[in-house]
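Subject: Structure for your review

Dear colleague,

Please find below the structure that I am handing over to you. The findings follow directly after it, and I would be grateful if you could read them with the coordinates open.

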Amino acid sequence: ATRKRRVAILGGGMAGLSAAWALSGEHERGELDVCVYEAAPHPGGKGASTRGVHGRIEEHGLHVWLGYYDNAFRLMRDVYEELDRAATDPGCPIQGWRDAFAPADLVGVEDRRDGTWSHWVAAFARNDGEPGLPGGRPLTVAGFVRRGLGLLVDFSASIGAAAPPRVVLSGAAEPPPRGGGPAAFVELLRRAEIAALVGAVESLRVLRAGVPRGGSLATLVTGYLDGLRADLVARAARDDAGRRSAELADLVATTMLGTIRDGLLSDPAGFTAIDHLDFRAWLAGHGARPETLDCALVRGMYDLAFAFEDGDRERPRFPAGLGLFLAGKLFFEYRGSIMWRLQAGMGDVVFAPLLQALRGRGVTFRPGHRAQRLRLSPGRGAVAAIDLRVRARDPDPLVRVHGLPCFPTPAGGPVGERDAVLRAGADFDDVVLATSLGPVASLCEELLEDSPRWRAMVQGVATVPTQALQLWLRADERRLGWPYPGATVSGYVSPFDTYASMSHLVEREDWPAGDRPGAIGYFCSVLPARDAADGERVVRANARRFLERDVAHLWPGFRAELVRARYTRANVAPADRYVQALPGTGRLRLRADASGYGNLFLAGDWIDCGLNAGCIEAAVLAGVQAANAVRGHPPAHGVAGSWIGLGAA
């Protein structure tokens, strides 16, 4: 019989397991032998979570899934369908993907005015879509501009003399209809103007080189937008609510102006043509007001992306084109809900079922196997060997909490170690490098010596430490004074600028009767690189200071004695650091099929996968593309949606 082709996947995070899933499908099972080598005792990487005392969920950090994560949701839908827990595990409380994820409509930022903080939380409209299903129109630059113009229509209609200004946020292609009367007539006129503008924008796109940047038609369009921006800002900025509307209108109008002025409609590079610029600097260059540049929405974007070089909050940096692209995906391409909230820990609803389903497919998972060094062949054209450090591990780490398969927090104590070597031809034929970026410098030392492109990527694509705090409170959120149960907000103060209300997870934990928490809150932010060496102590000190000084804005009823338990985490180890997108560095990333070595393929949120930002969807995209490269398929084969540099599926 013909020997199966052996694939060694180094790294059991989302990228590595996504590659394993794609390489273990029905058509591959007779041809491929897939083995995942993971350094930790459980899969998950930066997305891992375990269960601690009283079954409490202990995460690497805050994880929410966005409504445009079609590839990640498709993976989980397939996993749950294949597991068929209704037949194989009827006592499990999470049977399918709908039990694992729930819509989360409340999203906001913390707004600062004259030294006073206030909440700005929006309820985003749901739509009829379901993430992970086929369909949906891919986002283009022209589509982004059309949808942005539609938002400006909505702003205009929502700013009336007789009522306080308000903004209706919707994921629909058209703004929601309003009532009759004179306001409706004015709105119709404005819609007619915008319709003409959309036609002009479409002409700019279709004619491409026929209408040079700054030509007469482009000047007409941008002149109108400039006037509309000034009009909206002047009519809106009357009070706090109006000021927020003015900032939002200025932000949207400026992005439309900049997109057209910079010729992105006709530039083959699309959004990436301005990725060498910082998003704030790009906005300023196209006339955004200083108040807009420092508004809660912009600050929240940088906070959510950990977009501070070396973790220094005085050096915010994020690529302008990627910022526009992600904003368009977030607001215009979400399906079902703008966000989806996990109904247990990431380890419980994502990685435990993935591990179970992969084992059912015959994939081997080897925990406690840390890749130490990739060694090249004498001709330096392929990987010849992989050095491993092996630690003894429980072969089946899953435990049950209220019937749900989970990963326990690893126990301490001495563990035996040994060295091992995997050799090409004997132990593997192909390698998928799916570790995080941090360890690559030492793991791929020979590749960096051999390849300028590898050196440029490892030296130029940055990572940053992060910090996380989880709190279990004796009081419920009503008593604490938090008015938006289930909301996620960002743009607050350092050291913890992002907060998520996670009280629904109490039901998934195993607290003693009569002593269960009433509320759970998750907090996270970037951690300055200068603090990494003493990270755990710094994060604990940050948590104490945050509770003494800053949490009262979020929880006016908070008192120190209400803390039932806390969990802090400093993500400072190379494998735990967040992979950043800094201006001008996207071009340094290598594609899954472009390692330069014949049997080496790449996966992880640090490669050029089309969504070059640290997130679950990027990791899944990278895993699918690595599997495509192993099988000789084009990168976009089987990929849902359209991504920068990748094209439509």
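The buried residues of helix H1 are Met 14, Ala 15, Gly 16, Leu 17, Ser 18, Ala 19, Ala 20, Trp 21 and Ala 22. Because 9 of the 9 residues of H1 are buried, this helix is largely enclosed by the rest of the structure. Please bear in mind throughout that the model is predicted.

One partner of H1, which spans residues 14-22, is helix H13, formed by residues 346-360; the two pack at an angle of about 30 degrees, and their axes are 11 Å apart. As angles under 35 degrees count as roughly parallel, H1 and H13 are therefore described as roughly parallel to each other. Their crossing is left-handed. On the H1 side, the contact is made by Met 14, Leu 17, Ala 20 and Trp 21, while H13 contributes Val 350, Phe 351, Leu 354, Ala 357 and Leu 358. Sorted by class, this contact of H1 with H13 comprises 9 nonpolar residues, with no polar and no charged ones.

For the protein chain as a whole, the secondary structure amounts to 20 helices and 26 strands. The chain has 649 residues, of which 58% count as buried. Among its contacts with a separation of 6 or more, 76% are between residues 24 or more positions apart.

Glu 58 is part of strand S4, residues 57-59. With a relative accessible area of 8%, Glu 58 falls under the 20% limit and is therefore buried. Its side chain is joined to that of Arg 56 by a polar contact of 2.7 Å. Not counting residues up to four places away in sequence, Glu 58 touches Ala 48, Ser 49, Thr 50, Gly 52, Val 53, Thr 409, Gln 470 and Tyr 567.

Asp 593, by comparison, is located in the loop between strand S23 (578-579) and strand S24 (600-602). Its relative accessibility is 39%, so Asp 593 counts as partly exposed. The side chain of Asp 593 makes a polar contact of 3.1 Å with the side chain of Arg 591. When neighbours within four places in sequence are left aside, Asp 593 is in contact with Ala 629 and Pro 635. Asp 593 and Ala 627 are 34 residues apart along the chain, and their C-alpha atoms are separated by 9.4 Å.

Some backbone details in the loops may also be of interest to you. The peptide bond from Ser 494 to Pro 495 is cis, with omega near 15 degrees. Pro 495 belongs to the loop between strand S19 (488-490) and strand S20 (498-501).

Phe 306 is found in the loop between helix H11 (296-304) and helix H12 (320-332). With a relative accessible area of 12%, Phe 306 is buried.

Yours sincerely

Note on methods
Residues numbered from 1 in each chain as written. Predicted model: local features only at pLDDT ≥ 70, side-chain atom pairs only at ≥ 80, totals over all residues. Heavy atoms only, no water. Axes fitted to C-alpha atoms, helices over the stretch in contact; angles between N-to-C directions. Helix = DSSP H or I, 4+ residues; strand = E, 2+ residues; numbered from the N terminus. Parallel < 35°, antiparallel > 145°, perpendicular 65-115°, else oblique. Left-handed = near helix turned anticlockwise from the far one by under 90°. Contact = heavy atoms within 4.5 Å. Nonpolar A, V, L, I, M, F, W, Y, C, P; charged D, E, K, R; others polar. Buried < 20%, exposed > 50% of the residue type's maximum accessible area, 1.4 Å probe, protein only. Polar contact = N/O pair within 3.5 Å; in protein donor to acceptor, adjacent residues only side chain to side chain.
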